[in-house]
Amino acid sequence: MAKIVAGVATSHVPAVGAAIDNKRTHEPYWQPVFQGYEPSKKWIANLEPDVVILVYNDHASAFSLELIPTFALGCAAEFAPADEGWGPRPVPTVQGYPELAWHLAQSLILDEFDITIVNQMTVDHGLTVPMSLMFGEPAEWPVRVIPLAVNVVQYPPPTGNRCFNLGKAIRKAVEAFDEDLTVVVFGTGGMSHQLQGPRAGLINKEFDHRFLDNLTRDPVGLTRLPHVEYMREAGSEGVEMVMWLIMRGALNDQVEEVYRFYHVPASNTAVGHIILENRHAP
Ligand SMILES: [Fe+2]
């Protein structure tokens with residue numbers, strides 16, 4: 001039986017990918033950011049998951065305003081890195097897991113989540129930056145990846161509550177997959193940041209820390225945050241954090257926080273990162 005054993009949340013700042021690709025990770029500005037992910041790389045190398053279900057958002061790379069799926073599940077055998085204007089990132093092509101992805105699509109849709117099935121797409125920094133932060137720079141990614149792209153770019157994004165319940169449905173689907181697989185769910189995006197307008201550069205450390213605390217302490221409380229509160233407290237792009245609630249919903253009610261990292265600034269964003277492990281008893 002497949003089993004979700006842990007969840008990872010992390011920001012997916014594009015400049016982090018550029019710092020890696022341009023060999024700038026040891027510069028004083030970037031060094032503390034990458035230092036913060038060293039324990040995480042060891043943790044995941046030790047865990048050796050078979051599959052990552054990677055929740056992220058596409059930034060007008062695979063999708064545009066012509067087509068805006070709320071939840072798009074990657075069912076293809078592989079996903080090449082997207083060209084976001086400077087050529088594709090020099091990272092390996094992501095290997096998918098069509099059998100499990102199609103099983104997820106079937107289970108989720110029959111569970112009344114209207115998932116868009118995607119058989120061809122490229123993946124942008126929203127997916128590749130978390131991969132680089134967690135797995136470094138290998139010739140091939142050591143894990144298969146099922147991308148789950150969430151619309152948090154064009155209003156209206158899904159509610160946090162919808163995301164949390166989707167996570168629960170993902171957990172049910174994974175546990176019904178008849179193969180022994182260790183699965184980790186990534187929730188990406190955030191933390192507080194705003195890229196445009198008079199409040200560009202907004203960071204709200206207090207909100208971010210409270211959000212990180214409540215992933216363990218009161219995740220159901222987090223599901224009640226309306227979009228306007230994310231916007232007001234965490235900036236217009238802070239609403240990406242609803243994606244973390246898919247990861248949280250996919251875990252047990254009781255989880256243990258095994259690692260946390262928070263750093264400001266990286267680009268004009270707060271970098272937040274947390275690792276939660278399922279307690280053994282569900
Ligand atoms: Fe993003």
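The legends below describe close-up views of a predicted model.

**View 1. Tyrosine 97 and phenylalanine 177 form an edge-to-face aromatic pair.**
The whole structure holds nine aromatic pairs. In the pair shown here, the ring centres of tyrosine 97 and phenylalanine 177 are 6.3 Å apart and the planes stand at 90°, so the arrangement is edge-to-face. Tyrosine 97 belongs to the loop between strand 5 (94–95) and helix 4 (98–110), while phenylalanine 177 belongs to the loop between helix 6 (160–175) and strand 8 (182–188); the pair therefore ties together parts 80 residues apart in sequence. Tyrosine 97 is buried, at 4% relative accessibility, and phenylalanine 177 is also buried, with a relative accessible area of 10%.

**View 2. Four aromatic residues form one cluster.**
The members of this cluster are Phe207, Phe211, Tyr230 and Trp244.

**View 3. Aspartate 124 is buried and has no salt bridge.**
Aspartate 124 is located in the loop between strand 6 (116–118) and helix 5 (125–135). The nearest side chain of opposite charge, that of arginine 89, is 9.4 Å away. The side chain of aspartate 124 instead reaches the backbone nitrogen of histidine 59 at 2.7 Å, and a polar contact of 2.9 Å links it to the side chain of serine 61. Beyond residues up to four places away in sequence, aspartate 124 touches several residues, including Tyr56, Asn57, Ala82 and Glu84.

**View 4. Threonine 128 is a buried residue of helix 5.**
The relative accessible area of threonine 128 is 2%. Setting aside neighbours within four places in sequence, threonine 128 is in contact with Arg89, Val91 and Val123.

**View 5. Two peptide bonds are shown in the cis form.**
Most peptide bonds are trans. The bond from tyrosine 155 to proline 156 is cis, with omega near 5°; proline 156 lies in the loop between strand 7 (144–150) and helix 6. The bond joining glycine 190 and methionine 191 is cis as well, with omega about -5°. Methionine 191 is placed in the loop between strand 8 and helix 7 (205–217).

**View 6. Glutamate 48 and alanine 60 have positive phi values.**
Most residues other than glycine have a negative phi. Glutamate 48, in the loop between helix 3 (38–47) and strand 2 (51–56), has phi near 50°. Alanine 60, in the loop between strand 2 and strand 3 (71–74), has phi near 60°. Glutamate 48 is exposed, with a relative accessible area of 62%, and alanine 60 is exposed at 62% relative accessibility.

Technical notes. Residues numbered from 1 in each chain as written. Predicted model: local features only at pLDDT ≥ 70, side-chain atom pairs only at ≥ 80, totals over all residues. Heavy atoms only, no water. Phe/Tyr/Trp six-rings, centres within 6.5 Å; stacked < 30°, edge-to-face > 60°. Helix = DSSP H or I, 4+ residues; strand = E, 2+ residues; numbered from the N terminus. Buried < 20%, exposed > 50% of the residue type's maximum accessible area, 1.4 Å probe, protein only. Lys, Arg positive; Asp, Glu negative; His and termini not counted. Salt bridge = Lys/Arg side-chain N within 4 Å of Asp/Glu carboxyl O. Polar contact = N/O pair within 3.5 Å; in protein donor to acceptor, adjacent residues only side chain to side chain. Contact = heavy atoms within 4.5 Å.
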